[in-house]
Amino acid sequence: MKFFSAPLFLVVLLPAMVAAAAPSPSPVYQPSQGGQYEPIKNLSDPYISEIGRYACIEYNRKYPSPTPLVFQKVVSGEKQVVNGYNYKLIMYIKSGGLIPQYEVIVYDIPWKSHRELTSLNIYHN
């Protein structure tokens, strides 16, 4: 009495073994949101200061005030690679006679000459 024949093995058991060994697909597709924020190593880079100045100019353009915001200095920052770059900067901004710290996020696509001020808020650490 023969328990297995080669054709039976190839037709029935081999496909079942291959299907069981194949990786299962992920249950829900979630598109990538970009990389993690990484610290900016050189805060004195003129490009980083330019991003900070842009944030103040753009805010003043959108929200005119008798006491406009004036860029002072970037004190810390992070950069995230997305379809372009998100810059999250902590910086001193002069507002009237005060110079509080603000957190700004600027979306930058340098190869398309596109920048967008995403947020600008007083920083509470």
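Tutor: Accessible areas here come from the Shrake-Rupley method with a 1.4 Å probe, and for residues only the protein chains shown count as cover. With that, the chain's accessible surface comes to about 9,100 Å², 59% of it belonging to carbon and sulfur atoms. This is a predicted model: local features need pLDDT of at least 70, side-chain atom pairs count only at pLDDT 80 or more, and totals for chains, interfaces and linings use all residues. Residues are numbered from 1 along each chain as its sequence is written, and side-chain values use heavy atoms, leaving out hydrogens and water.

Student: Why is D108 called buried?

Tutor: Buried means under 20% relative accessible area, exposed over 50%, and partly exposed in between (1.4 Å probe, protein chains only). D108 has 2% relative accessibility, so it counts as buried.

Student: What makes the link between the side chains of D108 and Y47 a polar contact?

Tutor: A polar contact is a pair of N or O atoms within 3.5 Å; within protein, one must be able to donate a hydrogen and the other to accept it, and residues adjacent in sequence count only if both atoms are side-chain atoms. The D108 and Y47 side chains make theirs at 2.4 Å.

Student: Which residues is D108 in contact with, leaving aside neighbours within four places in sequence?

Tutor: Contact means heavy atoms within 4.5 Å. On that basis, D108 touches Y47, I51, G84, Y85, Y87, H114 and R115.

Student: Where does D108 lie?

Tutor: In strand β4, residues 101-109. Strands (E, at least two residues) and helices (H or I, at least four) are DSSP runs, numbered from the N terminus. The chain has two helices and five strands.
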